[in-house]
Amino acid sequence: MKPELGAALERLPRLELAQLPTPLHRLPRLSEELDIELWIKRDDCTGLALGGNKARKLEFLLGGAVAGGCDTVVTTGGSQSNHARLTAAACRVAGLDCRLVLDRGLHPENGNLLLDRLFGARVEFVADQEPETAVAAMEQLRQRLEQEGRKVYMIPRGGSVPTGASGYAAMTLELERQLSSLDLSDVSLYLATGSCGTHSGVMAGRAALGVSWRVQGISVSRPAAQQEDRVLQLSNETLTHLDLDSATIASDVHVDDNFVGGGYGHPDNRTWEAIRLLARSEGILLDPVYSGKAMAGLLAHVREGVVPARSTVVFLHTGGSPALFAYASEVEEMA
Ligand SMILES: *Cc1c(COP(=O)(O)O)cnc(C)c1O
């Protein structure tokens, strides 16, 4: 293992928010049922405010906000955004004010949104769901806050900029240590690809470490080609941000968009089946927006033989289960 990645990460300002390392453990019943060696990396257990992947990104993002002397954070997402919930919580830890510009989703007053309010974040909604509308509203809010004399730190949707993606480059160091100590090699890593910071950070770390993991993203929203382009670009921007020479190449970036269902936040039956299967076989909660779709993709790849029998797969559980409460009637129907 090359030491450069660890040293590069240590140069960045960072705030301790997550309980690390998260567990990596085997799923014994599902491994038997699927005839693969299935492991799960528990980033649903990052510890901060019901956990999830955004805690890793926020360590570097809010580290930057604090180092820059900012007092207020502005970010955006859907009304059920896990990123918004964890930003609201992390701002309490960092002593910062949190302002959220949310696109109204289908399930406005439960789940993550309820928790945003509990953390005292000030929420404003924008009427339509075009990402540009939220970006414009964030910019207006920034100007108002700056006129009040505040120093504002802006975090784009999902925290998917090189600073945030660095959190997932850091995760690869942690995972590589865990895999080595368990003597696991030739692994495929499955994860949900949304705003792409997680996938990009993993690809950046993979390139920097020179490991051969096959990384498979399952899109939760956009078409595969768009997601692959974003991951390639953000991964290489992250390596540049870390001042590392390695690069990600296009042929290593894989996204499958067959599990998007009805679009962002609209799961189909395969997602619900995956959620039910993990709950019933392993007592693990997935979510309808991200991890349920990613698991639906993995299950289909196993059944189609894309994942060979007895091969080793690591499922990156990125969290999201608070959103289950915003989909209560669907959960009831499926259970
Ligand atoms: C944000 C999120 C993802 C996707 O991560 P990106 O970095 O946006 O691609 C996956 N799972 C959960 C639960 C999330 O909240």
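Predicted model: local features only at pLDDT ≥ 70, side-chain atom pairs only at ≥ 80, totals over all residues.

So, H8 is mostly covered: 13 of its 13 residues are buried, where buried means under 20% relative accessible area, exposed means over 50%, and partly exposed is in between, with a 1.4 Å probe and protein chains only. Just after H8 comes Gly210, with a positive phi of about 70 degrees.

Residues are numbered from 1 along each chain as its sequence is written, and side-chain values use heavy atoms, with hydrogens and water left out.

Now H4, residues 82-94. That helix has 13 residues and also comes out at 18 Å from its first C-alpha to its last, close to the expected 18 Å. How many of the residues of H4 are buried? Ten of the 13, so H4 is largely enclosed by the rest of the structure. Among the buried ones are Asn82, His83, Arg85 and Cys91. And what covers them? The cover includes H3, strand S3 (72-78), strand S4 (97-103), helix H5 (111-118) and strand S6 (152-155).

The peptide bond from Leu20 to Pro21 is cis, omega near 0 degrees, and Pro21 lies in the loop between helix H1 (4-10) and strand S1 (24-26). Then there's Asp35, in the loop between helix H2 (28-34) and strand S2 (37-42). Asp35 isn't a glycine, yet its phi is positive, about 60 degrees. Is Asp35 buried or partly exposed? Partly exposed, with a relative accessible area of 34%. Ala49 is another non-glycine with a positive phi, near 45 degrees, and Ala49 lies in the loop between S2 and helix H3 (54-67).

Over towards the other end of the numbering, have a look at Ser321, in the loop between strand S10 (312-317) and helix H12 (328-334). Leaving aside neighbours within four places in sequence, Ser321 is in contact, meaning heavy atoms within 4.5 Å, with Leu285, Leu286 and Asp287. The C-alpha atoms of Ser321 and Gly292 are separated by 9.6 Å, and those two residues are 29 apart along the chain.

Last, the whole chain. We've got twelve helices and ten strands, and 59% of the 335 residues count as buried. A compact globule with 335 residues would have a radius of gyration near 20 Å, and the protein chain has 19 Å, which agrees; that's over C-alpha atoms, and the rule is 2.2 Å times the number of residues to the power 0.38. Along its principal axes the C-alpha trace spans about 60 × 50 × 35 Å. Of the contacts with a separation of 6 or more, 78% come from residues 24 or more positions apart.

Conventions: Helix = DSSP H or I, 4+ residues; strand = E, 2+ residues; numbered from the N terminus. Expected span 1.5 Å × (residues − 1).
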